[in-house]
Amino acid sequence: MSNPTISAASSTTARPIAIVGSGLAGWTVARELRAVAPDAPIVVISEGRGDFYSKPMLSNAFALNKSVDALMGVPGPAQADKVGVQLMANTQVLSIDTATNTLHTSAGEVAYAKLVLAIGADPIRLSMPGDEHVLSVNNWDDYAAFRLALDAVIHSERASVLIMGAGLIGSEFANDLSTGGHKVHVVDPGERPLANLLAVEQSHGLQQALSALGVQFHLGTTAQSVQATPQGAKRVTLANGQVVQVDVVLSAVGLRARGALAQAAGLAVGRGIHVNELGQTSNPHVFAVGDCAAYASAAKPELFGGAPRGLPFVAPIMTAAKAMVKTLTGVPTPIVFGPMAVRVKTPAFPLSVQA
Ligand SMILES: Cc1cc2nc3c(=O)[nH]c(=O)nc-3n(C[C@H](O)[C@H](O)[C@H](O)COP(=O)(O)OP(=O)(O)OC[C@H]3O[C@@H](n4cnc5c(N)ncnc54)[C@H](O)[C@@H]3O)c2cc1C
């Protein structure tokens, strides 16, 4: 049967395996697939440039003494050559037609044999006056913009930064920015950092170690508004009435899995795109992996009523991608997550937590 759509991905009649997203999940699936299927047509579609880099290093850059440029791993085209796949960069997937197995993208239609969604998560934004003055870091470009904002502080070499959120990413940035010589404030509604993940003694140990670096904690309160002064400083008003003036405000209040694209296509979505033990969504031709996915394999009766759950970390991506690639190439293989310790990159008080 002839292909009713014009495939922007391939001029051959064979439909490719299409991977949407060029983060760690997308590139890991592409690499693992290529290793077991040397001749399969594979296309990676990304709304970004497709660059391959280590996202975890972004919250560890000062400790590693890395410049922004040094954090850039392999540019998209070189990565595509290395892995041996076609890359459609700067191409947004707008919708998925699961009846015809076709993607509608900003560069035209792409017919697929199988689809892997690796579209990540969005930083959660707090709706408050002045939110437009708040930065967040979820990719290399965000981090480059953040470092530019720090470098733009000309009144002193030491910028002051208010971090909203004392979770994993907020605590890591607090440690790293202090190491880089910057003055850090951390605001969190909880009574201690990483309250959801750490025992009380560990949490207090972390707070003491970061305080010894000069980090100022504002706990049990939240940021309510941000106002920019004519000189470019940011005045952050806290719920407890305090006003903290800093150069840069960074939000690290969490991520929300990108589910809208899948939901609009009629796929099951909860705390992420639901996938079964094989990594398959509610459509058997469509898979999901990485920060966008909620895995049945990670469900626990005591968490979210036993619903599929997200694991927004590196190790689960590796585990899920390896199993999924076997399934994609004809050997149905369940994703089995063992115990996963995530290292918290706070050198002042090294820790690990269970994912
Ligand atoms: C600062 C920071 C530090 C971290 N440190 C650690 C750590 O130490 N240890 C750890 O285990 N984890 C860490 N993590 C988490 C880990 O980095 C992530 O779990 C992982 O990188 C997620 O990869 P991903 O490919 O699922 O998503 P992403 O990297 O978000 O990639 C999503 C991709 O999808 C593309 N995309 C989205 N929508 C579309 C669309 N409609 N069309 C086309 N393309 C689209 C995006 O452009 C992007 O390329 C950290 C995260 C951050 C932010």
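Which helices and strands do the buried residues of H1 pack against? Before the answer, a word on the model, which is predicted, so that local features need pLDDT of at least 70 and side-chain atom pairs count only at pLDDT 80 or more, while totals for chains, interfaces and linings use all residues. Residues are numbered from 1 along each chain as its sequence is written, and side-chain values use heavy atoms, with hydrogens and water left out.

Helices (H or I, at least four residues) and strands (E, at least two) are DSSP runs, numbered from the N terminus. Helix H1 covers residues 24-36, and its 13 residues should span 18 Å at 1.5 Å a residue, which agrees with the 19 Å between its end C-alpha atoms; the expected span is 1.5 Å times one less than the number of residues. Among the buried residues of H1 are Ala25, Trp27, Val29 and Leu33, where buried means under 20% relative accessible area, exposed over 50%, and partly exposed in between (1.4 Å probe, protein chains only). The buried residues of H1 pack against strands S1 (17-20), S2 (42-45), S3 (86-88) and S7 (114-117), and against helices H3 (76-83) and H8 (314-328).

The ligand is the next stop. An oxygen atom of the ligand is 3.2 Å from a polar backbone atom of Leu24, and an oxygen atom of the ligand also lies 2.7 Å from a polar side-chain atom of Asp291. A nitrogen atom of the ligand, in turn, lies 3.0 Å from a backbone N or O atom of Glu47.

Elsewhere, an open sheet of 5 strands has the order S9-S16-S10-S11-S12, with parallel pairing; two strands pair if DSSP finds at least two bridges between them. Strands S9 (134-136) and S12 (216-219) stand at the edges, each with a single partner strand, so one side of each is left without a neighbour in the sheet. Within this sheet, strand S10 (residues 160-164) and strand S16 (residues 248-251) pair in the parallel sense over 4 bridges, and Ile163 stands opposite Leu250 in S16.

Helix H5 (residues 168-179) lies across S10, S11 (183-188) and S16. In the loop between H5 and S11 is His182, which counts as buried because its relative accessibility is 9%. Leaving aside neighbours within four places in sequence, His182 is in contact (heavy atoms within 4.5 Å) with Phe62, Leu150, Glu157, Arg158, Ala159 and Leu177. A polar atom of the His182 side chain lies 3.1 Å from the backbone nitrogen of Ala159.

Note on methods: Axes fitted to C-alpha atoms, helices over the stretch in contact; angles between N-to-C directions. Polar contact = N/O pair within 3.5 Å; in protein donor to acceptor, adjacent residues only side chain to side chain.
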